[in-house]
Amino acid sequence: MAIVSTPSKACTVNPLKMSQPIGGAFAFMGLRGAMPVLHGSQGCTSFGLTLFVRHFKEPVPLQTTAMSEVTTVLGGFENIEQAILNIHHRTRPEIIGICSTGVTETNGDDIDGTIKMIRKKHPQLATFPLVHVSTPDFKDAFQDGWEKAVARMVEVLVSAPTIEAERDETRVNVLPGCHLTPADLDEVRTIIEDFGLTPSFLPDVAGSLDGHIPEQFTSTTIGGIGIEEIASMGQSGWTIAIGAQMRRAAEAMQSRTGAPFRLFERLCGLLPNDEFIAFLSEISGRPVPTKYRRQRGQLADAMLDAHFHIGGRKIAIGAEPDLLFDLSSMLHDMGAQVTAAVTTTPSPVLERIRTEEVVIGDLEDLEERARRENCDLLITHSHGRQAAARLKIPFHRAGFPMFDRLGAGHQLSVGYRGTRDLIFHLANLVIADREENHKPCPDSWRTSTPPLKSGRGFIDATERSIA
């Protein structure tokens with residue numbers, strides 16, 4: 001069991017965590033025709049927008065209530081009202097998601113009450129979907145914002161089924177964590193559909209942020225799950241939650257609709273995918289397709305091939321709790337040692353990470369521990385690239401943001417295929433580093449007996465040194 005600790009530093013150096021409001025806004029980006037709004041200053045929104053655009057290399061919808069010093073003190077009713085009216089009139093969204101920020105939370109704005117007043121004042125907004133999530137950025141992190149936003153979507157947008165309504169046992173709700181990429185969601189979708197089931201993802205960033213080019217420009221999200229589909233999720237036979245952060249949303253779904261749920265804390269690794277595939281086979285009543293039996297064999301062979309290079313290596317990981325738990329567990333299965341683990345926010349999975357200590361800290365903490373433990377590989381988001389360069393060790397980018405490489409949305413690490421490809425990538429990083437920085441040369445040869453200059457003795461001494 002890992003010890004979870006928090007450094008007592010006076011300030012954060014090279015931050016690891018991203019703020020809670022942009023985590024909530026990210027969740028709304030998985031809804032079709034959505035416009036996320038940050039209730040705060042323009043600077044807060046601009047910074048978050050920059051992170052999203054640099055990560056996905058796509059136009060990202062994100063608006064602000066543009067709070068100034070005066071409106072922050074006096075209250076933001078007029079700013080929220082004007083923002084909602086402008087967005088509703090100009091962009092014609094299907095839903096507006098409002099995430100609070102630190103300045104408005106500190107002032108104590110009653111945003112839910114404000115929304116009720118706006119609906120009464122403007123009849124055209126009486127039934128329009130307006131979802132508010134409390135996400136102050138002076139506490140918690142990116143994962144918490146996503147968790148709260150999805151739970152709030154379930155509470156507000158999912159309709160409770162009537163008593164006489166029949167459940168569709170072939171339909172499955174999927175509540176994915178923020179650590180899953182659009183490519184991960186597409187892989188999970190394909191697996192579920194291969195068992196004859198119909199999945200509904202909430203949110204579905206694979207439909208909106210997978211890098212496709214729409215036929216015509218729209219100022220809102222260009223894909224994702226629609227409001228009507230969300231409302232009907234209560235008729236599904238099961239709910240699948242991926243990541244410990246989604247337990248709250250899954251419990252809200254069960255409480256509201258009565259649909260049972262199954263939580264999978266991770267889908268990277270051999271045993272977690274065995275459990276996932278077995279569960280789908282059970283609820284669908286279908287045998288496991290041949291292609292997944294073959295993919296499982298490929299993953300087992302990849303683990304066998306790569307453990308010579310990954311096994312025994314010391315790994316440093318900095319990530320959100322669910323991503324940290326996912327990657328560290330898979331690497332532990334491969335025989336690696338996670339000797340430096342840093343995360344952003346408390347979570348029940350942290351104590352079960354296979355390491356001595358998990359630090360809730362920043363990238364400076366990660367770098368210090370990686371240097372002290374003489375780690376062989378560093379895994380975190382793009383802000384860790386300088387630390388990897390100083391440590392002179394291989395660097396694998398994972399998490400958000402990833403702005404100095406292309407294809408962040410297509411990085412795959414779930415399922416048998418995703419785990420296989422991730423293992424190969426990590427092993428190849430280690431091999432490339434060894435070939436580049438640890439090339440054998442005559443000066444590195446170790447000999448127990450100095451070789452003789454001539455005669456049979458030279459051959460005997462050489463044979464002894466090789467042996």
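Colleague: In which strand is the place of H396, and is H396 buried or exposed?

Modeller: In this predicted model, H396 belongs to strand β14. The residue is buried, because its relative accessible area is 5% and the cut-off for that class is under 20%.

Colleague: With which side chain does the side chain of H396 make a polar contact?

Modeller: The partner is the side chain of H425, at 3.2 Å.

Colleague: How does strand β14 run relative to β13, and how many bridges join them?

Modeller: The two strands run parallel, and 3 bridges join β13 to β14, the latter comprising residues 395-397. Within this pairing, T380 stands opposite R397 of β14.

Colleague: Which other strand pairs with β13, and in what sense?

Modeller: Strand β10, residues 314-318, pairs with β13 in the parallel sense over 3 bridges. A316 has L378 of β13 as its bridge partner.

Colleague: Let us turn to charged pairs. How many salt bridges does a search of the whole structure find?

Modeller: Side chains of opposite charge can pair when their charged atoms come close. The search of the whole structure finds 22 salt bridges. One of them links K121 with E81, whose closest N and O atoms are 3.0 Å apart. K121 lies in helix α6 (residues 111-121) and E81 in helix α4 (residues 77-90), so this pair ties together parts that are 40 residues apart in sequence. E81 counts as buried, at 8% relative accessibility.

Colleague: What separates the N and O of K148 and D140, and is K148 buried or exposed?

Modeller: Their side chains meet in a salt bridge at 3.1 Å, N to O. K148 is buried, with a relative accessible area of 17%, whereas D140 is partly exposed, at 25%.

Colleague: Which residues are linked with K9 in a network of salt bridges?

Modeller: The network links K9 with D362, E364 and D365.

Colleague: Finally, which residues form a nonpolar patch on the surface?

Modeller: The patch is formed by V70, V73 and L74, which together have about 340 Å² of accessible area. V70 is found in helix α3, residues 69-74. This valine, V70, is exposed, with a relative accessible area of 53%.

How values were computed. Residues numbered from 1 in each chain as written. Predicted model: local features only at pLDDT ≥ 70, side-chain atom pairs only at ≥ 80, totals over all residues. Heavy atoms only, no water. Patch = residues over 30% accessible without salt bridge, like charges linked within 9 Å, V, L, I, M, F, W, Y side chains within 5 Å. Areas by Shrake-Rupley, 256 points an atom, 1.4 Å probe, with all protein chains shown as cover. Salt bridge = Lys/Arg side-chain N within 4 Å of Asp/Glu carboxyl O. Helix = DSSP H or I, 4+ residues; strand = E, 2+ residues; numbered from the N terminus. Buried < 20%, exposed > 50% of the residue type's maximum accessible area, 1.4 Å probe, protein only. Pairing = 2+ DSSP bridges. Polar contact = N/O pair within 3.5 Å; in protein donor to acceptor, adjacent residues only side chain to side chain.
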